Amino acid sequence: MEERREKPLGENFDFPPSVLDEIQKNIEEIILNFDIPDANKFDVIKKINFMYSQTRYMSVTDPLTGLYNRRHFEECLEREFLRAKRYKSDLSFAIIDIDFFKNVNDTYGHSAGDYVLKEVAYYILQTFRKTDMVFRYGGEEFAVIITETPLEKAVIPLERLRKTIEDYVFRYNGNQIDVTISIGVCEADDNTDTVHKLFENADKALYKAKENGRNQIMHL
């Protein structure tokens, strides 16, 4: 019988940030028109703004790992790609996949799988700069937008991450879980004319890493 998992709060939160911004703006305007003392208005607006910031955070964040989610990834990748093209700056992009992740869930259970995902997410965040952007793309896949960085330099932290995960001892409920990652990376060079091509190149490189034995970095 398949194990039933409770979905974390916010996993199906499905409001685009632009919609939330419009809702918040409209609510403020409505409250300001209420026939109540200004002090009361500002107190209500302050509380609503706090709730709004929490709601907006949920709309762009993966609830399990705390990383940015896929929706936010798509917005950011396009923005950074267009920025790199406009200002002729370096941009690298990587997709990271946990090797044989299904085996972790099947052998140790989904709670162990969640533990592995959170640990890997933590080490990805620790590896990259604050100017880089890390996302949980979906399932056991992560994406990293490495700004102002050419391919040859982007490979350096990616290899450090690969080695860190390979050497780290993952332990859950007394079990040691061996974890490795495969990585595909590319850069937005002169031949990369669209953001879709950028993603496709990283995806192809990831496929090569898996095909060649996993636990390695490949690039196009």
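## Overall make-up

The chain has seven helices and seven strands; helices here are DSSP runs of H or I with at least four residues, strands are runs of E with at least two, and both are numbered from the N terminus. From the N terminus on, the order of elements is α-α-α-β-α-α-β-β-α-β-β-β-α-β. The model is predicted, so local features need pLDDT of at least 70 and side-chain atom pairs count only at pLDDT 80 or more, while totals for chains, interfaces and linings use all residues. Residues are numbered from 1 along each chain as its sequence is written, and side-chain values use heavy atoms, with hydrogens and water left out.

Of the 220 residues of the chain, 42% count as buried. Buried means under 20% relative accessible area, exposed means over 50%, and partly exposed lies in between, with a 1.4 Å probe and protein chains only. Among contacts (heavy atoms within 4.5 Å) between residues at least 6 apart in sequence, 67% join residues at least 24 apart.

## The sheet

Five strands form an open sheet with mixed pairing, in the order β2-β3-β1-β6-β7. Two strands pair if DSSP finds at least two bridges between them. β2 (133-138) and β7 (217-219) are at the edges with a single partner strand each, so one side of each has no neighbour in the sheet. On average, neighbouring strands of this sheet are turned by 20° against each other, direction ignored.

β2 and β3 run antiparallel and are joined by five bridges. Along this pair, M133 stands opposite I145 in β3, and V134 stands opposite V144 in β3. The hairpin of β2 and β3 has two residues between the strands, and G139 takes a positive phi near 55° there. Although β2 is an edge strand, five of its six residues are buried. Helix α3 (residues 70-87) packs on the sheet and touches β1, β2 and β3. The direction of α3 makes about 135° with that of β2; such angles run from 0 to 180 degrees between N-to-C directions, and axes are lines fitted to C-alpha atoms, for helices over the stretch in contact.

## The nonpolar cores

In soluble globular proteins, nonpolar side chains tend to be buried together. A nonpolar core is a set of buried Ala, Val, Leu, Ile, Met, Phe, Trp, Tyr and Cys residues joined through side-chain atoms within 4.5 Å. The largest one in this chain has 31 residues, and those with the most contacts inside it are I96, I98, V116, V120, I124, F142 and L158. At least two residues of this core come from each of β1 (91-98), α4 (101-108), α5 (110-127), β3 (141-147), α6 (151-167) and β6 (181-187). The largest share, eight residues, is supplied by α5.

What does I124 touch, not counting residues up to four places away in sequence? I124 touches I96, V134, F142, V144 and L161. A second, separate core has 19 residues, including C76, L77, L91 and I145.

## Helices α5 and α6

α5 and α6 pack at an angle of about 145°, and their axes are 10 Å apart. On the α5 side the residues are V120, Y123, I124 and T127, which meet P157, R160, L161, T164 and I165 in α6. By class, this contact has six nonpolar, two polar and one charged residues. Here Ala, Val, Leu, Ile, Met, Phe, Trp, Tyr, Cys and Pro count as nonpolar, Asp, Glu, Lys and Arg as charged, and the others, Gly among them, as polar.

E119 is in helix α5. E119 and T65 are 54 residues apart in sequence but 8.4 Å apart in space, C-alpha to C-alpha. Leaving aside neighbours within four places in sequence, E119 is in contact with Y168 and F170.

A154 lies in helix α6 and is buried, with a relative accessible area of 0%. With neighbours within four places in sequence left aside, A154 is in contact with S92, I146 and T149. A154 and C186 are 32 residues apart in sequence and 8.9 Å apart in space, C-alpha to C-alpha. N105 is found in helix α4 and is buried, with a relative accessible area of 16%. Apart from neighbours within four places in sequence, N105 is in contact with H110 and G113.
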